[in-house]
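I went through this structure one site at a time and kept brief notes. The entries follow in the order I made them.

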Amino acid sequence: MAEELQQQKVVYIPDNTRKKSSQKKNKRVTNIIIYVVLTLISIIWLFPFLLILLESFRTYPTLNTGNPFSGSGYEWGLGNYTKLFTETRFPTWFLNTFIIALFVAVLQTLIVLCMSYTLSRSRFKGRKLLMNFMLVIGMFPGFLTLLVLYNILKDIGLTQEHAVPGLILVYVASSGMGYHVSKGFFDTVPKALDEAARIDGANRAQVLIKIILPMAKPIVIYTILTAFMGPWGDFIFAQYVAFGAPGGYNVAVGLYSWLTKEMINNYYTMFCAGGVIVALPVTLLFMFLQKYYVEGVTGGAVKG
């Protein structure tokens, strides 16, 4: 009889265990839905880039509305990339863009970090007024000053063929107003480190270079990346300053000049090849430094 009762025992599952099991299943289903949606969005977002990549390997230069995935009527090769560097002014445009982006990245990073550290650590009369003034001015779109800036650059001979130094000057001139993220990051670094270094005899510059910057690697890399990517893809102002002078174009303006009605059938596939080459440096740079970029953004958003 005892053995029969033991066999008839019913296992009791607590309500908490059932709830946890149900929550895990719901969470798993939710995650699956999110991943599916994100995958679809990624495919839709990457599809145009895949088309540009395929078109860049097509040997015929004309604009083709066919299906590159079918393979019919398509011949593939590296001719567009070869012609790009041997038969066009693309190397000049690429070099112009690289010079502009490199100088702007170095100079703008120095200015932004110094400005951010000063506003984070120093307390002086008019500090809040200055910060509010730069914040308000930064809300106005930059193209409102195009006409004035062009006239100034034209008066000093930094337009058209000499547009490269003019663009560097303009990009760097207002870089101090982009202090917000970097200042937020510096605010999270304890001020006790500065005070200890000052007691040991270090000046402000030594504290920034030897103490703060080694600890602020994410925000330094974030500032360099944003400063480099800005002029790398700029089109509106670069076209305005270098208008009518191919020797002063950057890659965005130069490649766009091939999309006119008269030139598109001769340069379309080379335009796609140029787009692929221009995208590679920034893409690889961002992929390798993505960790620091995210840390810089999140760290600088903690405290403003």
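**Entry 1: Leu63**

I started at Leu63, which is found in the loop between helix 2 (15-56) and helix 3. I took helices as DSSP runs (H or I, at least four residues; strands are E, at least two), numbered from the N terminus. The model is predicted, so I noted that local features need pLDDT of at least 70 and side-chain atom pairs count only at pLDDT 80 or more, while totals for chains, interfaces and linings use all residues. Residues are numbered from 1 along each chain as its sequence is written, and side-chain values use heavy atoms, with hydrogens and water left out.

The cut-offs I used are under 20% relative accessible area for buried, over 50% for exposed, and partly exposed in between (1.4 Å probe, protein chains only).

I then looked up the contacts of Leu63 (heavy atoms within 4.5 Å). Leaving aside neighbours within four places in sequence, Leu63 is in contact with Arg58, Ile264, Asn265 and Tyr268. I also checked Tyr267: Leu63 and Tyr267 are 204 residues apart in sequence and 8.6 Å apart in space, C-alpha to C-alpha.

**Entry 2: confidence**

I read the pLDDT, the predictor's confidence in each residue, from 0 to 100. The protein chain has a mean pLDDT of 82, and 85% of its residues reach 70 or more.

I looked up Thr159 in the loop between helix 6 (146-155) and helix 7 (163-173). Thr159 has a relative accessible area of 11%, so I logged it as buried. Not counting residues up to four places away in sequence, Thr159 touches Tyr150, Leu153, Lys154 and Val241.

Ser182 lies in helix 8 (residues 180-187). Ser182 is buried as well, because its relative accessible area is 1%. With residues up to four places away not counted, Ser182 touches Val112, Leu113, Ser116, Ile219 and Thr223.

**Entry 3: cores**

I searched for nonpolar cores, meaning sets of buried Ala, Val, Leu, Ile, Met, Phe, Trp, Tyr and Cys residues joined through side-chain atoms within 4.5 Å. The largest has 36 residues, and those with the most contacts inside it are Leu84, Phe90, Ile100, Leu167 and Phe237. Elements that give two or more residues to this core include helix 3 (79-86), helix 12 (236-241) and helix 14 (264-300). Helix 7 gives the most, with 7 residues.

I followed up Phe237, which touches Leu146, Leu149, Leu153, Leu167 and Val170, not counting residues up to four places away in sequence. Another core, of 13 residues, lies apart from the largest one; among them are Leu113, Phe185, Ala197 and Tyr222.

I fitted axes as lines to C-alpha atoms, for helices over the stretch in contact, with angles from 0 to 180 degrees between N-to-C directions. The axes of helix 4 (residues 90-121) and helix 10 (residues 204-215) come within 12 Å and cross at roughly 100°. That makes the two roughly perpendicular (65 to 115 degrees; under 35 is roughly parallel, over 145 roughly antiparallel, the rest oblique). On the helix 4 side, the contact includes Leu113 and Tyr117; on the helix 10 side, it includes Val207 and Ile212.

At what angle do helix 10 and helix 11 (residues 217-232) cross? Their axes cross at roughly 85° and come within 5 Å. Helix 10 and helix 11 are therefore roughly perpendicular to each other. Leu213, Pro214 and Met215 in helix 10 meet Lys217, Pro218 and Val220 in helix 11.
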